[in-house]
Amino acid sequence: MSKEKTVITSRRIVMASGIAAVAGAVATRAARADDKLAQTVVQYQETPNDGKKCDDCVNWVAPNACKLVTGPINPNGWCVAFAPKA
Ligand code: SF4
């Protein structure tokens, strides 16, 4: 390989590494900024589902929040992430 080709290849490797590092940093920051899931993602609803409701879920945080899902949560609501308290 000529010296010129070696230099160009090395620059491409450095550029590709830099782009990958930036993409990784952005993804990490986005994950940290949005720790909770949107209500639409977990199909949250304001009513119980077959007797299952938020205040019976391990993720429930009284009086109106959830460890996993954003926004105010109704104690009588439900979502697909429901996990019953032991
Ligand atoms: S059912 Fe869903 S929204 Fe309700 S407390 Fe559990 S995880 Fe949160």
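Where does Q45 lie in the chain? Q45 sits in the loop that runs between helix 1 (3–33) and strand 1 (60–61).

## The model and its numbering

This is a predicted model, in which local features need pLDDT of at least 70, side-chain atom pairs count only at pLDDT 80 or more, and totals for chains, interfaces and linings use all residues. Residues are numbered from 1 along each chain as its sequence is written.

The pLDDT is the predictor's confidence in each residue, from 0 to 100. Its mean over the chain is 78, and 60% of the residues reach 70 or more. Two residues are in contact if their C-beta atoms, placed from the backbone, lie within 7 Å. Where pLDDT is low, the predicted coordinates should not be read in detail.

## Overall layout

The chain has 1 helix and 2 strands, in the order α-β-β from the N terminus. Helices (H or I, at least four residues) and strands (E, at least two) are DSSP runs, numbered from the N terminus.

Of the 86 residues in the chain, 13% are buried. A residue is buried if 20 or more other C-beta atoms lie within 10 Å of its own, exposed if 12 or fewer, and partly exposed in between, with C-beta atoms placed from the backbone. Among contacts between residues at least 6 apart in sequence, 65% join residues at least 24 apart.

Q45 is partly exposed, because 14 other C-beta atoms lie within 10 Å. Setting aside residues up to four places away in sequence, Q45 touches G77 and W78. The C-alpha atoms of Q45 and V80 are separated by 9.5 Å, although the two are 35 residues apart along the chain.

Q43 is found in the loop between helix 1 and strand 1, and D50 has its place in the loop between helix 1 and strand 1 as well. Phi of Q43 is near 55 degrees, a positive value in a residue other than glycine. For D50, phi is likewise positive and near 55 degrees, in a residue other than glycine. Q43 is exposed because it has 11 other C-beta atoms within 10 Å; D50 is exposed because it has 7.

D55 also belongs to the loop between helix 1 and strand 1. With 16 C-beta neighbours inside 10 Å, D55 counts as partly exposed. Residues up to four places away aside, D55 touches W60 and P75. The C-alpha atoms of D55 and A65, 10 residues apart along the chain, are separated by 9.7 Å.

## A cis peptide bond

P63 lies in the loop between strand 1 and strand 2 (65–66). The peptide bond from A62 to P63 is cis, with omega near 5 degrees.

## The nonpolar core

The largest nonpolar core has 10 residues in all: Y44, C54, C57, W60, C66, V69, I73, W78, C79 and F82. A nonpolar core is a set of buried Ala, Val, Leu, Ile, Met, Phe, Trp, Tyr and Cys residues joined through C-beta atoms within 7 Å. In soluble globular proteins, nonpolar side chains tend to be buried together.

W78 is in the segment after strand 2 and counts as buried because it has 23 C-beta neighbours inside 10 Å. Not counting residues up to four places away in sequence, W78 touches Q45, T47, P48, N49, K52, K53 and C54.

## After strand 2

L68 is placed in the segment after strand 2. L68 is partly exposed, because 18 other C-beta atoms lie within 10 Å. Neighbours within four places in sequence aside, L68 is in contact with K36, L37, N59 and A81. L68 and K36 are 32 residues apart in sequence and 5.0 Å apart in space, C-alpha to C-alpha.

## Around the ligand

There are 15 residues around the ligand, and C54, C57, N59, C66 and C79 come nearest. A residue is near a molecule if its C-beta atom, placed from the backbone, lies within 6 Å of it.

By class, this shell has 13 nonpolar, 2 polar and no charged residues. Ala, Val, Leu, Ile, Met, Phe, Trp, Tyr, Cys and Pro count as nonpolar, Asp, Glu, Lys and Arg as charged, and the others, Gly among them, as polar.
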